[in-house]
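Q: I'd like to learn how to read a model like this one, feature by feature. Can we walk through it together?

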Amino acid sequence: MSYRFFVNGDPVEVEVPGMRRLLDVLREDLALTGTKEGCGEGECGACSVLLDGAVVDACLVPVCQVDGTNIRTVEGFGTEEQLNDLQAAFLETGGAQCGICTPGMLMAAEAFLATGGPPSDDAIREAIAGNLCRCTGYTKIVEAIAQAAARRRATGVHPD
Ligand code: FES
Ligand code: FES
């Protein structure tokens, strides 16, 4: 079967079995390896992407379910030369701790910021509750998201 959808604003078409995981389509068929695989079972959030703005675990989503949708991955954020505001905040605060969880954290954080919700520690921790860190902890990550939220509020600008 052939499926058409948008990834980071670009139209894509893939000819794959409908039950192929979105995670594999992104990483293997579309060479977008920014999205990481951790548990492969919907537990860790490493594979988080935005599906029409909502955070989903790409390891649990069959590609047939994304036909006609808009997918956003970490490649749709800034570039290495020009980080977006959230990536910059992660870098400045030390919130970018490891390569496995960071892309998923960024996606959950973006979904949270897009709601314009209160940038309190509790609200941020709840927003990233589906994204597990098994090593360094969440303090710097929460700080990064709070910083990005404060900047967006101060400037009223949504850089993306
Ligand atoms: S790899 Fe998808 S939730 Fe862990
Ligand atoms: S798992 Fe990535 S920083 Fe802890």
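Q: How much space lies in the largest pocket?

A: Keep in mind that this is a predicted model. As for the general idea, rolling a probe the size of a water molecule over the atoms shows where empty space is left. Here the largest pocket holds about 180 Å³ of space.

Q: Which residues line the largest pocket?

A: The lining is made of Gly 78, Thr 79, Glu 80, Leu 83, Gln 87, Phe 90, Leu 91, Ala 96, Thr 102 and Leu 106. Sort them by class and you get five nonpolar, four polar and one charged.

Q: Which helix gives the most to the lining of the largest pocket?

A: That's helix 2, with three residues. Helix 2 and helix 3 each bring at least two residues to the lining.

Q: What is Phe 90 in contact with, leaving aside its neighbours within four places in sequence?

A: Quite a list: Gly 95, Ala 96, Thr 102, Met 105, Leu 106, Ile 141, Ala 144 and Ile 145. Phe 90 also lines the largest pocket, and it turns up again in the largest nonpolar core.

Q: How many residues does the largest nonpolar core have, and which have the most contacts inside it?

A: The core has 25 residues, and those with the most contacts inside it are Leu 86, Phe 90, Met 105, Leu 113, Ile 128 and Ile 145. To place them, look at the helices: helix 2 (85-93), helix 3 (102-115), helix 4 (121-127) and helix 5 (139-155) each supply at least two residues of this core. Helix 3 provides the largest share, eight residues. Apart from this core lies another one of 21 residues, including Val 25, Leu 51, Ala 58 and Val 63.

Q: On to the strands. In which sense do strand 1 and strand 2 pair, and over how many bridges?

A: First the general idea: in a regular strand the side chains alternate between the two faces of the sheet. In this model, strand 1 (residues 2-7) and strand 2 (residues 10-15) pair in the antiparallel sense over six bridges.

Q: What phi does Asn 8 take in the hairpin of strand 1 and strand 2?

A: Here's the background: most residues other than glycine have a negative phi, and most peptide bonds are trans. Asn 8 takes a positive phi near 50° in this hairpin, which has two residues between the strands. With a relative accessible area of 25%, Asn 8 is partly exposed.

Q: Which strands form a hairpin with Asp 52 in the turn?

A: Strand 3 and strand 4 do, again with two residues between them, and Asp 52 has a positive phi of about 50°. These strands, residues 48-51 and residues 54-57, pair in the antiparallel sense over four bridges, and Val 49 has Val 56 in strand 4 as its bridge partner. Asp 52 counts as partly exposed, at 49% relative accessibility.

Q: What about the glycines in loops? Where is Gly 18, and what does Gly 18 touch?

A: Gly 18 belongs to the loop between strand 2 and helix 1. Beyond residues up to four places away in sequence, Gly 18 touches Tyr 3, Pro 62, Val 63 and Cys 64. Gly 18 is buried, with a relative accessible area of 15%.

Q: And Gly 34: buried or exposed?

A: Gly 34 is buried, at a relative accessible area of 13%. You'll find Gly 34 in the loop between helix 1 (22-29) and strand 3. Leaving out residues up to four places away in sequence, Gly 34 touches Val 74, Glu 75 and Pro 103. Gly 34 and Thr 115, by contrast, are 81 residues apart in sequence and 24 Å apart in space, C-alpha to C-alpha.

Conventions: Residues numbered from 1 in each chain as written. Chains lettered and ligands numbered in written order. Predicted model: local features only at pLDDT ≥ 70, side-chain atom pairs only at ≥ 80, totals over all residues. Heavy atoms only, no water. Core = buried A, V, L, I, M, F, W, Y, C linked by side-chain atoms within 4.5 Å. Buried < 20%, exposed > 50% of the residue type's maximum accessible area, 1.4 Å probe, protein only. Contact = heavy atoms within 4.5 Å. Pairing = 2+ DSSP bridges. 1 Å grid on protein atoms, 1.4 Å probe; cavity = no way out; pocket = protein on both sides within 12 Å on 5 of 7 lines; lining within 4 Å. Points joined across faces, edges and corners; volume = space filled by probe spheres on them. Nonpolar A, V, L, I, M, F, W, Y, C, P; charged D, E, K, R; others polar.
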